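Please read this briefing with the sequence and the model side by side.

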Amino acid sequence: MDSTGKEREAVQLMAEAEKRVKGSHSFLRGLFGGNTRVEEACEMYTRAANMFKIAKNWSAAGNAFCQAAKLHMQLQSKHDSATSFVDAGNAYKKADPQEAINCLNAAIDIYTDMGRFTIAAKHHITIAEIYEAELVDIEKAIAHYEQAADYYKGEESNRQVIFCLLKVAAYAAQLEQYQKAIEIYEQVGTNTMDNPLLKYSAKEYFFKAALCHFIVDELNAKLALEKYEEMFPAFTDSRECKLLKKLLEAHEEQNSEAYTEAVKEFDSISRLDQWLTTMLLRIKKSIQGEGDGDLK
């Protein structure tokens, strides 16, 4: 059957499911098998949703999964209701990002009520990603990453906590909330520097914290750098630490050429990502006469 045929069949199933639901509300049906009709309607809505998916009618699929979720809740099937809300959210993601968020939030409410915080955290990340990529609302993305980190922390899922916190720090710095970013980078750096598996990454977090300090105040950056070297001696020999020292020296001398040269040298071995490029440019602009300079 082609997708048009599937869509037609799905519409018929939706109508039949609706009839079952209405029929379950009558007095006699309520006494004799009302729940059975609701269960049948649930199954029909789910089948219709999957047919709409085949037809790539994502909004209709999302709506059908939503109807199933509400009926599952009526039947006190919390887990099935949450699963259907997640399915609805995944379908809506392809057509209506805001509706996807509404469905995922409904699933999160059920999971947290059931004490399933790890699953709730996972869906908070999905919502954060929709805000990042589709709706471009970074403040809301931050809020959902923070909530996910909070739930993961309670479940001792440390790697996931780090992932979420680093997202928050990166966005906070982009939004010029440098103190918030510094606190997170320092916290994550301190927590990972003694871990044999994660300590290699600690230098990156201290580097990023120092750059945030540098944007705010050169002296703060110097003091922070000394503190990080003392806390984490391995940082001293890192390319990141050596770059920071060169940048501080160039900045103190207001030498934009030396600053650019140091960045170029670092970039030739470790490619700068967009975040680092942005932060390094913000620092460079504070060198007298630089205005809207670049790193070339």
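Predicted model: local features only at pLDDT ≥ 70, side-chain atom pairs only at ≥ 80, totals over all residues.

Residues are numbered from 1 along each chain as its sequence is written, and side-chain values use heavy atoms, with hydrogens and water left out.

**Confidence of the model**

- The mean pLDDT of the protein (pLDDT being the predictor's confidence in each residue, from 0 to 100) is 85, and 86% of its residues reach 70 or more.

**Helix α14**

- Helix α14 (residues 256-269) has 14 residues and reaches 21 Å from its first C-alpha to its last, which is close to the 20 Å expected at 1.5 Å a residue, the expected span being 1.5 Å times one less than the number of residues.
- S256, Y259, T260, A262, V263, F266 and D267 are the buried residues of α14, where buried means under 20% relative accessible area, exposed over 50% and partly exposed in between, with a 1.4 Å probe and protein chains only.
- Seen down the axis of α14, these buried residues fall within an arc of 160 degrees, so they line one face of the helix; the arc is that of the directions from the helix axis to the C-beta atoms.
- An α-helix has 3.6 residues a turn, so residues three or four places apart point the same way.
- The buried residues of α14 pack against α13 (239-252) and α15 (274-284), whereas E257, S268 and I269, on the other side of α14, are exposed.

**Salt bridges**

- The count comes to 10 salt bridges, a salt bridge being a side-chain nitrogen of Lys or Arg within 4 Å of a carboxyl oxygen of Asp or Glu.
- E132 forms a salt bridge with K167, with the closest N and O atoms 3.3 Å apart. Because E132 lies in helix α7 and K167 in helix α9 (residues 158-174), the pair ties together parts that are 35 residues apart in sequence.
- E132 is buried, at a relative accessible area of 17%, while K167 counts as partly exposed at 26%.
- K180 and E146 meet through their side chains in a salt bridge of 2.8 Å, N to O. K180 lies in helix α10 (residues 178-192) and E146 in helix α8 (residues 138-154), so this pair ties together parts that are 34 residues apart in sequence.
- A salt bridge of 3.3 Å, N to O, also brings together the side chains of K246 and E265. With K246 in helix α13 and E265 in helix α14, the pair therefore ties together parts that are 19 residues apart in sequence.

**Histidine H144**

- H144 is found in helix α8 and is buried, with a relative accessible area of 14%.
- Not counting residues up to four places away in sequence, H144 touches N105, H124, I127, A128 and Y131.

How values were computed:
Helix = DSSP H or I, 4+ residues; strand = E, 2+ residues; numbered from the N terminus. Contact = heavy atoms within 4.5 Å.
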